[in-house]
Amino acid sequence: MADTTTLPNEPSSDTLSAWDRTHQLHPWTAMDAWQENDYHPIESAEGIYLWDAEGKRYIDGPGGMWCVQIGYGRREMAQAIADQVLRLPYTSPWTTTTDPSTMLAKKIADLAPGDLNNVFFTTGGSTAVDTALRTMHFMNNALGRREKKIVIAREKGYHGSTYLAASVTGKERDKSRFDLEKRLVRFLPDINPYVRPEGMSLSDWADAKVADLENMIIEVGAENVGAFIAEPILCSGGVIIPPEGYHKRTLEICRRHDILYISDEVVTAFGRLGHWFASEDVFGITPDIITCAKGLTSGYLPLGACIISDRVMERMTGPEEKVLFSNGYTYSGHPVCCVAALKNIEIMENEGILEHVRQIAPHFQKRLRALDRFGIVGDIRGMGLLACIEGRPDTPGTSLAAERNVGALLDAACDKRGLLVRPLINMAVFSPPLIITKAQIDEMFDILEEALEEVQEQMAATGTPD
């Protein structure tokens with residue numbers, strides 16, 4: 001068990017909880033009762049497990065926020081971070097460079113597919129996506145194509161919460177009072193095979209989803225479309241896996257119309273599907289730009305990257321005038337964060353973690369698929385160490401409140417058994433640390449089966465159809 005020793009003069013858990021409710025505004029907080037929410041007071045972690053203030057152990061089903069690849073409590077990571085803090089904690093990326101950022105840029109270029117050899121470091125996934133979109137703006141302005149700026153994205157796609165990234169995010173059921181740049185984006189309808197019309201084959205569904213893109217380009221005008229942004233798997237939308245061949249065919253359309261293809265690999269990169277990047281190794285495409293973050297440092301420190309192809313860089317430069325690529329962040333290429341990423345990659349290489357994922361994923365997916373025997377489960381989907389259980393009710397006309405109830409019941413049933421999942425409306429998604437063993441996978445799914453049995457009984461008792 002990880003150390004949960006209370007420090008001298010540390011406030012009591014009740015006091016800390018009160019301070020948290022009173023002073024800390026958490027992400028995605030429900031504003032009708034933002035000071036009434038109680039969050040898990042996690043105090044320590046090791047391997048795939050977390051411990052709360054009472055000493056209760058939890059399996060970290062979501063892997064933090066899709067990011068804890070190498071697991072918690074890595075002393076070699078802590079030492080590398082500490083050594084760099086003492087050597088050089090920070091220097092301005094505007095006027096200086098550092099060995100860690102230079103070495104990491106080279107390493108990422110070596111790992112990335114094709115000619116994606118140019119790395120711009122950001123503070124996380126949202127700013128990586130912002131950088132990708134601004135790169136498209138810069139390139140088309142350099143080419144004199146000032147109208148070619150519209151981004152095509154998908155409903156249920158998630159790309160971040162900064163202004164540009166949020167504007168191309170298609171979480172259509174999220175109620176928000178934020179402004180978005182609606183002139184910039186056009187959304188294609190849901191790609192989830194689960195919602196295809198009854199009797200439609202996966203092949204016909206793929207044809208329809210590819211046609212969505214082609215038709216939107218015709219409607220908007222190719223001369224006005226600058227980029228298509230797509231997640232290899234739509235993770236926050238519910239681990240939605242597009243039909244086979246979809247990514248290749250949409251890339252071909254983008255090439256034909258001179259539209260940049262941005263692959264948002266913030267979740268899928270760095271091992272989640274058993275490869276450094278999923279775009280080429282899993283889905284057979286070499287995009288123009290890849291964005292990544294999360295697993296890049298295994299969550300030990302914040303860092304993101306926008307990886308740009310040589311082809312795009314060449315089109316951004318020209319001899320006519322000296323123009324600055326005036327995009328950047330105070331913490332771009334932060335040396336301590338870059339050291340964490342280098343150590344993370346080193347650990348993954350030395351321990352064969354990518355190979356481990358490819359070896360263990362079939363068992364993970366087998367246990368996942370077995371959950372479809374429960375009547376309250378509408379759909380099961382996953383790939384690699386990514387998974388989603390979509391609960392019923394999920395029929396036309398079902399209220400959002402009823403769907404949220406399914407997710408909340410499953411979340412609570414797992415929580416009391418020592419498993420954290422991430423509830424998304426009527427879904428539970430999970431992406432455990434990549435070091436998870438076969439025995440730990442069985443432990444996790446044994447809990448899920450017990451939880452689903454409990455929820456099914458609860459719903460039957462209240463008259464909810466199963």
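Among contacts in the protein between residues at least 6 apart in sequence, what percentage join residues at least 24 apart? The share is 72%, where a contact means heavy atoms within 4.5 Å.

The model is a predicted one: local features need pLDDT of at least 70, side-chain atom pairs count only at pLDDT 80 or more, and totals for chains, interfaces and linings use all residues. Residues are numbered from 1 along each chain as its sequence is written, and side-chain values use heavy atoms, with hydrogens and water left out.

**Whole chain**

Along the principal axes, the C-alpha atoms fill a box of roughly 70 × 60 × 45 Å.

Next, display the surface. Its accessible area comes to about 21500 Å², of which 52% belongs to carbon and sulfur atoms; the method is Shrake-Rupley with a 1.4 Å probe, and for residues only the protein chains shown count as cover. Buried residues make up 52% of the 466 residues. Buried means under 20% relative accessible area, exposed over 50%, and partly exposed in between.

**Nonpolar cores**

Select Ile-108, Phe-277, Ile-307, Leu-371, Phe-430, Phe-445 and Leu-448: of the 64 residues in the largest nonpolar core, these touch the most other members. Such a core is a set of buried Ala, Val, Leu, Ile, Met, Phe, Trp, Tyr and Cys residues joined through side-chain atoms within 4.5 Å. Helix H14 (residues 438-461) gives the largest share of this core, nine residues. A second, separate core has 24 residues, including Ala-153, Ala-227, Ile-229 and Ile-289.

Then centre on Phe-430. Leaving aside residues up to four places away in sequence, its contacts include Gly-61, Pro-62, Phe-364, Leu-368, Met-444, Phe-445 and Leu-448.

Most residues other than glycine have a negative phi. Select Trp-66 in helix H2 (residues 63-66); although not a glycine, Trp-66 has a positive phi of about 65°. Trp-66 counts as buried because its relative accessibility is 3%.

Move to Ser-298, in the loop between strand S9 (289-292) and strand S10 (304-309). Ser-298 has a positive phi of about 55° and is not a glycine. With 2% relative accessibility, Ser-298 also counts as buried.

Select Asp-281 in helix H9 (residues 278-281). A relative accessible area of 47% makes Asp-281 partly exposed. From C-alpha to C-alpha, Asp-281 and Ala-413 are 37 Å apart in space, and 132 residues separate them in sequence.

Finish at Leu-400, in helix H13 (residues 400-415). Leu-400 is partly exposed, at 29% relative accessibility. Draw a C-alpha to C-alpha distance to Met-103: Leu-400 and Met-103 are 48 Å apart in space and 297 residues apart in sequence.

Terms used:
Helices (H or I, at least four residues) and strands (E, at least two) are DSSP runs, numbered from the N terminus. Buried means under 20% relative accessible area, exposed over 50%, partly exposed in between (1.4 Å probe, protein chains only).
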